[in-house]
Amino acid sequence: MGNAKLSRRQFLALSALALAGCSSQQQDAAPETPAEQPEEPEVQPDAAPDPEIPATAGALVLYFSRADENYNVGVIDEGNTAVMAKMIAQRIGADLFELVPVEPYPESYQECCDVALDEKNAGARPQLEALPDLTPYSTVFLGFPCWWGDIPMPVYTAIEALGWNGKTICPFNTHEGSGDAGMFSTLETVCQGATVADGLTIRGQDAQNDREGTQAEVDTWISGLER
Ligand SMILES: Cc1cc2nc3c(=O)[nH]c(=O)nc-3n(C[C@H](O)[C@H](O)[C@H](O)COP(=O)(O)O)c2cc1C
């Protein structure tokens with residue numbers, strides 16, 4: 001499983017499989033046992049692509065993001081990663097699903113950092129309000145901020161509760177200096193059975209304050225995935 005760029009054929013083939021019954025669906029908060037997981041569809045990567053189907057059809061944009069006070073941006077109404085997520089969903093006409101922790105993080109940046117560090121050190125898996133049903137989707141755009149050089153713990157909650165076999169993940173993240181911090185590689189390990197495509201990394205303050213530049217980066221990235 002490499003950090004591979006998808007061929008257009010591969011993308012089309014995977015996307016075509018997702019079209020049947022594709023809609024925005026959600027299931028209740030984290031199932032308690034793996035037995036409660038939705039069945040994964042059988043993936044046939046060699047299915048003939050339909051040239052009429054857009055390359056990114058049948059995708060889900062799944063993200064975690066936090067508003068309130070943050071580094072370099074002050075107090076914001078919409079998180080930096082949320083800005084990216086919405087741009088991506090609009091660009092490809094994808095469904096959008098936000099991962100929302102049951103226990104909200106503190107509004108203060110410093111207090112949030114303290115809580116997040118404690119969670120990371122404890123290997124916490126904060127409970128989520130709800131999880132998406134990935135069954136109809138072959139491609140998942142998965143986005144999150146960098147927290148303490150790692151994927152935020154609530155995102156691990158979702159990753160570990162969902163089935164990734166046969167899925168293609170297009171990862172994206174925001175940060176304030178750490179880049180992707182190896183998080184996209186981590187996805188290859190923790191999302192068993194998924195193919196992780198080339199990701200997009202953007203500074204949080206740019207996503208928040210330079211919408212035009214961010215849109216251009218999103219468009220370029222998606223065009224590359226579709227080729
Ligand atoms: C708890 C916490 C930890 C963070 N740790 C890092 C870090 O290790 N490296 C980094 O570059 N930025 C770090 N940041 C900055 C965020 O990655 C950045 O502000 C990001 O754009 C926030 O995205 P969001 O608004 O979607 O939540 C951290 C921010 C918070 C709140």
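User: Which residue in β7 is the bridge partner of tyrosine 63?

Analyst: Bear in mind this is a predicted model. Strand β2 covers residues 59-63 and pairs with β7 in the parallel sense over five bridges. Within β7, the residue bridged to tyrosine 63 is glycine 143.

User: And in β8, which residue does valine 140 stand opposite?

Analyst: β7 also pairs with β8, again in the parallel sense, and that pairing runs over seven bridges. Opposite valine 140 you'll find isoleucine 169.

User: Is β7 largely enclosed or left open by the rest of the structure, and why?

Analyst: Look at both faces of the strand. Thr139, Phe141, Gly143 and Pro145 are buried on one side, and Val140, Leu142 and Phe144 are buried on the other. Seven of the seven residues in β7 (139-145) are therefore buried, so the strand is largely enclosed.

User: What handedness does the β-α-β unit made by β7, α4 and β8 have?

Analyst: The helix in this unit, α4, spans residues 153-161. Together with β7 and β8, α4 makes a β-α-β unit that is right-handed.

User: Which element gives the most to the shell around the ligand?

Analyst: The ligand is surrounded by 23 residues, with Gly79, Thr81, Pro145, Thr174 and Gly204 the closest. Elements giving two or more residues to that shell are α2 (80-92), α3 (109-122) and β8 (168-175). The top contributor, with four residues, is α3.

Technical notes. Residues are numbered from 1 along each chain as its sequence is written. This is a predicted model: local features need pLDDT of at least 70, side-chain atom pairs count only at pLDDT 80 or more; totals for chains, interfaces and linings use all residues. A residue is near a molecule or strand if its C-beta atom, placed from the backbone, lies within 6 Å of it. A residue is buried if 20 or more other C-beta atoms lie within 10 Å of its own, exposed if 12 or fewer, and partly exposed in between; C-beta atoms are placed from the backbone. Two strands pair if DSSP finds at least two bridges between them. A crossover is right-handed if, with the strands pointing away from the viewer, the path from the first strand over the helix to the second runs clockwise.
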